[in-house]
Each structure stands twice: as C-alpha cells, then as structure tokens.
Amino acid sequence: MITSKRAFAGAVVLTCLAGSPSFAADTTRGDLVITKAWSRATPGGAKVAGGYLTIENRGHSAERLQAASATHALRTEIHEMTVNDGVMTMRPLDNGLVIAPGQIMTLAPGGGHLMFIGLDGPLHAGDQMPVKLSFEHAGEVNVTLDVQAIGAQAPANAESTATAEPEHRKEKAAAAAPEAASEEDESFFTHLHAEKAMANVTVSPGRAGPVEIAIQLEDANELPLRADAVAVTLGNPEHGVAPITANAERIGNDQWRVKMSAPLSGRWSLGLDIRITPADAVNVVSPILLR
C-alpha cells in the first residue's frame with residue numbers, strides 16, 4: 001500500500017489502473033527509441049524488483065546508459081547476467097551499458113536488467129512505475145514501466161507492439177538478439193533480499209518436474225558472501241504439497257546448488273536458510289512460478 005505519509009513526502013505514487021489495462025507509450029529522445037518498458041509484481045514484503053525495456057540507438061555514435069533512478073526505491077542499478085560453469089551470476093555495471101550505433105538492446109528476464117533495491121511498497125499488476133534513465137549524450141529520459149503479473153516473461157502488449165514495428169526494426173532486433181531458449185529450457189530467475197544477505201536464485205528448467213536450483217550469495221554491499229551452509233525449502237500449500245527441505249552443495253566461494261522435485265506447475269514457495277555462521281542465520285522466502 002502507498003501510505004499518505006509517503007504521498008506527503010513527495011514519493012511518486014504507483015498508479016493502479018482500473019478496468020482495461022493501458023500500456024506505456026514508446027519514448028523517443030534524439031536518436032534513442034525506448035519501448036516495451038515493464039516490470040513484475042512483487043510479493044508482499046519484497047524489497048527488490050527488476051525493470052526491463054528495449055533501447056534502440058538509431059544514431060551514428062555509441063550511447064551509454066549511465067544510471068537509472070526511481071523515487072520509490074532507495075537505489076536503482078544496471079545489472080548484467082553471466083553464466084559461469086552453469087551458474088548464473090548477477091553483477092552491477094559500474095560503467096553503465098553501451099548501446100552501439102544501430103543496435104537494439106533488450107533488457108529482459110534472465111539477462112541484463114534494471115534492479116530496484118529498497119522498494120518502499122509492493123508493485124501490483126496493473127501499476128505504472130515511473131523511472132528516470134540517465135544517458136551520456138541524450139541526458140535524462142523519463143519512462144513508465146507497466147507492472148505485469150508475478151513470473152511474467154514479457155509485457156502483455158509485446159505482441160501488439162511487435163506487429164506495429166517497421167520491418168527495419170524487426171530485422172535489427174533479430175540480428176542483435178541472442179538465440180532464444182525454448183520454453184521447455186527457459187529458467188526461472190528471482191532475486192531474494194534480506195538485511196544481511198541477498199541471493200540470486202535460478203531454477204532450471206522453469207517448469208514442473210525435477211529442477212536444479214542454483215544460488216549465488218551476496219552480502220549487503222553486493223560482494224560475494226561465503227556462508228557455512230544453505231538449506232532450500234520448496235512447498236506448494238495451494239495444492240497441499242508439504243514443504244520439503246534439502247541441503248545445498250557448495251560449488252564455489254559464494255555459489256550453491258541443489259536438485260529437488262516440484263511435480264506440479266503453478267506458484268511454489270521457495271525458502272532459503274542461509275547459515276552465515278553457526279550463530280548467525282538469514283531466512284528468506286519468495287514465490288516462484290513454474291510452467
């Protein structure tokens with residue numbers, strides 16, 4: 001909920017839309033065209049959220065997304081995703097994100113994205129979230145992110161927007177985009193946040209059945225966190241599946257992995273018991289969505 005105190009303090013209110021959803025319009029500034037700006041709804045108590053959008057540079061010089069900000073978040077970072085030895089890791093881009101001349105850069109789940117940290121309230125499907133992007137040459141650009149459902153993989157208007165795009169933009173996007181994973185192979189990624197520890201969690205594949213859960217731990221300063229032990233709990237109370245807990249195996253200084261079973265599709269509850277030391281533990285819980 002957005003409280004009156006927050007409104008009085010001048011925070012930008014997330015507008016809940018009634019009736020048929022409306023979608024954020026494309027934004028043009030100089031040679032930049034920003035489209036398909038969206039985010040996901042967050043469960044109650046969540047303090048982080050991802051932001052996704054597409055940036056096309058129609059100019060003849062490289063552009064750099066240097067920073068981003070949102071009034072309702074303590075800070076906003078530009079993140080990249082990399083895979084090392086089968087483990088997906090996430091790191092902020094301190095020098096920003098470069099968009100080459102003629103390039104279409106897409107920030108999407110499982111890849112580069114904006115990370116909103118320290119949210120002062122949950123995001124609900126149907127909200128619109130204002131964000132300010134700061135570019136090296138184009139300056140500050142205000143965009144609006146459409147908030148989709150938890151676990152959404154794309155904005156609801158992606159299909160209609162794509163059909164309206166000129167052919168030259170479609171061709172550029174096809175040339176710039178990496179080979180897409182099939183729906184069967186696509187992983188589910190989420191970011192769990194607590195005061196002392198954060199966890200980047202990848203569930204592969206992102207569908208019902210046997211799954212492998214990879215965990216990358218960070219401390220409050222987003223530095224690699226070495227813990228003594230990590231236990232993972234999966235449950236589905238909606239369908240009467242009792243929680244099952246398994247101990248994860250350390251595969252790196254800050255990386256853990258465990259194989260479990262999630263026999264039903266739908267929303268599951270994933271919990272982490274992170275034992276930083278024998279006397280200091282962090283417990284975080286988040287929903288995950290499996291096909």
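Is arginine 75 buried, partly exposed or exposed, and what is its relative accessible area? In this predicted model, where local features need pLDDT of at least 70, side-chain atom pairs count only at pLDDT 80 or more, and totals for chains, interfaces and linings use all residues, the legends below take up that residue and several other sites. Residues are numbered from 1 along each chain as its sequence is written, and side-chain values use heavy atoms, with hydrogens and water left out.

**View 1. The salt bridge of arginine 75 and glutamate 77.** Arginine 75 is partly exposed, with a relative accessible area of 36%, whereas glutamate 77 is buried at 15%; buried stands for under 20% relative accessible area, exposed for over 50%, and partly exposed for what lies in between, computed with a 1.4 Å probe on protein chains only. The closest N and O atoms of the two residues are 3.0 Å apart, and the pair counts as a salt bridge because that term requires a side-chain nitrogen of Lys or Arg within 4 Å of a carboxyl oxygen of Asp or Glu. The structure holds seven salt bridges.

**View 2. The salt bridge of glutamate 140 and lysine 132.** Here the closest N and O atoms are 3.6 Å apart. Glutamate 140 is partly exposed, with a relative accessible area of 48%, and lysine 132 is likewise partly exposed, at 32%.

**View 3. The salt bridge of glutamate 212 and arginine 257.** The side chains of these two residues meet at 3.5 Å, taken from N to O. The pair links distant parts of the chain, since glutamate 212 lies in strand 15 (residues 209–219) and arginine 257 in strand 19 (residues 255–262), 45 residues apart; strands (E, at least two residues) are DSSP runs numbered from the N terminus, as are helices (H or I, at least four residues). Glutamate 212 counts as partly exposed at 25% relative accessibility, and arginine 257 counts as partly exposed at 21%.

View 4. Two strands are said to pair if DSSP finds at least two bridges between them. Strand 2 (residues 27–29) runs antiparallel to strand 3 and is joined to it by three bridges, with threonine 28 opposite valine 33; in the hairpin of these strands, which has two residues between them, glycine 30 takes a positive phi near 60°. Strand 4 (residues 48–57) is also antiparallel to strand 3, through six bridges, and leucine 32 stands opposite asparagine 57. Strand 12 (residues 139–148), by contrast, runs parallel to strand 3 and is joined to it by three bridges, with tryptophan 38 opposite aspartate 146.

**View 5. The largest nonpolar core, with 30 residues.** A nonpolar core is a set of buried Ala, Val, Leu, Ile, Met, Phe, Trp, Tyr and Cys residues joined through side-chain atoms within 4.5 Å. Ile213, Ile215, Val232, Leu270 and Leu272 touch the most other members of this core, and its largest share, five residues, comes from strand 20. Leucine 270 touches, among others, Leu192, Val201, Ile213, Val232 and Ile288, not counting residues up to four places away in sequence, where contact means heavy atoms within 4.5 Å. A second, separate core of 29 residues includes Ala68, Phe116, Leu133 and Val143.
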